[in-house]
Amino acid sequence: MASNPAPKPTGSNDMFDNRSFDPAVAITDQDAGTDALFLQPEVPAALVFNGKSHAVMMTSPYDLEDFVTGFCLSEGIINDMSQIRIQDVRATLRGYVIEAELDEDCVDALSDRQRTLEGRSGCGLCGVQSLEAIPAEAPRKVTPGNMPQNVVLAAIDDLPNYQSRNKAGGGLLHASAFADASGNILLAREDIGRHNALDKVLGAIARQNIDPVGGFILMTSRCSYEIVTKTVQCGIGGLVTLSGPTLTAVNLARQAGLTLICRERRGLFRRFA
C-alpha cells in the first residue's frame, strides 16, 4: 500500500529544502558517474496536542497522520482512535507542524511523557525528563504470536517489495510492516528513524481499523527496548527484526509474553522469547 507524502513548504530554507535529487557526482576508481543521487529528506516535525507543543521529532515527511496516531498509541498517551482528532498537518520553512486534539482524560498521560528535547531520528528516549518516566516493566501482557518458520520467512522475503523509497534512496530508510497470521504483509511504512517507522505502522493499523490479533510486526532494524515497548503497548503479540536484540529488549519481551524472533550475527534467525 503506497504511503502518502506530506505537503511541501513554499519558500526557501538552507537546511530543509524541497529537493529530492542532489547533483552530487560519485567518485570511483572508474569514470565518475553523472546520475544525480536521490537523497532522503529528514525534517523536524513538531507534535502539538491541545495547542501545546509536546515534542519535535526528526522524521521522513511521509504518512505523518499515521505517525502522530501511532506515536500517541505506542507511548500510552491514548488507548484508541476515539481519543485523538488530527486537526492539521502543515509545512513551514522550519519543518512540519502536526496538530491534534486529545480527550481531556489523556492530558495526564501526555504530561507523564512530556518531552522537552529534540527527538532525533535514531533515538527512542531522547527528551524524557526523568528516569521515573521510563517504565520499569512491560506496559501490558500480550497473547504470544504463533509464528511458524515458513510464515516468518515468507513475510521477510516479501518485505523488499514494500521498500520503494529505500530502493530509490540507496538503502537509507528503515522499514516496518504488519503481517497477518499467514505471513501476508498488510501494510508497511518507511522512515529515516526505526521508531518512527514503527509508529507509522501502528498508527496505520489503528486508522485503517485492522485487527492486529494473530499478526506480527516486521522491522528491518535491530531490536531495542522501545521497539518492544511500542509493539506490546499496541497489543501485538509478535515481533520480528532483521538485526539482533538487546538484553533489555529480550527481558521485556519475555515479561510481556511477546514472541520475539531476531536475526543474530551469523545470519540465522533465533526465537528469543
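Figure 1. R85 stands opposite E101 in β6. This pair belongs to a predicted model, in which local features need pLDDT of at least 70, side-chain atom pairs count only at pLDDT 80 or more, and totals for chains, interfaces and linings use all residues. Residues are numbered from 1 along each chain as its sequence is written, and side-chain values use heavy atoms, with hydrogens and water left out. Strands β5 (residues 84–92) and β6 (residues 95–102) run antiparallel and are joined by eight bridges; two strands pair if DSSP finds at least two bridges between them. Two residues lie between β5 and β6 in this hairpin.

**Figure 2. The protein chain as a whole.** Seven helices and 13 strands make up the helices and strands of the chain, where helices (H or I, at least four residues) and strands (E, at least two) are DSSP runs numbered from the N terminus. Of its 273 residues, 49% count as buried; buried means under 20% relative accessible area, exposed over 50%, and partly exposed in between (1.4 Å probe, protein chains only). The accessible surface comes to about 13,300 Å², and 50% of it belongs to carbon and sulfur atoms. Such areas come from the Shrake-Rupley method with a 1.4 Å probe, and for residues only the protein chains shown count as cover. Among contacts (heavy atoms within 4.5 Å) between residues at least 6 apart in sequence, 54% join residues at least 24 apart.

Figure 3. Helix α1 (residues 64–74) is largely enclosed by the rest of the structure, because ten of its eleven residues are buried. Among them are F67, V68, F71 and L73. In the loop between β4 and α1 lies D63, which counts as buried at 2% relative accessibility. The phi of D63 is near 55 degrees, a positive value in a residue other than glycine. Just after α1, G76 takes a positive phi of about 75 degrees.

**Figure 4. The second largest pocket.** This pocket has a volume of about 300 Å³. On a 1 Å grid over the protein atoms alone, a pocket is an open set of points where a 1.4 Å probe fits, with protein on both sides within 12 Å along at least five of seven lines; lining residues have an atom within 4 Å of a point. Grid points are joined across faces, edges and corners, and a volume is the space filled by probe spheres set on the points. The lining has 15 residues, of which L73, N79, D80, A206 and C234 lie nearest the centre of the pocket. Helix α5 (residues 194–207) gives the largest share of the lining, three residues. By class, ten lining residues are nonpolar, three polar and two charged; Ala, Val, Leu, Ile, Met, Phe, Trp, Tyr, Cys and Pro count as nonpolar, Asp, Glu, Lys and Arg as charged, and the others, Gly among them, as polar.

Figure 5. N50 is found in the loop between β3 (43–49) and β4 (52–59), and has a positive phi of about 50 degrees although it is not a glycine. With a relative accessible area of 28%, N50 is partly exposed. V107, in helix α2 (residues 107–112), is also partly exposed, at 30%. V107 and I78 are 29 residues apart in sequence, with their C-alpha atoms 9.3 Å apart in space. V213, in the loop between α5 and β10 (216–219), is exposed, with a relative accessible area of 69%. The C-alpha atoms of V213 and G235 are separated by 8.0 Å, and the two residues are 22 residues apart along the chain.
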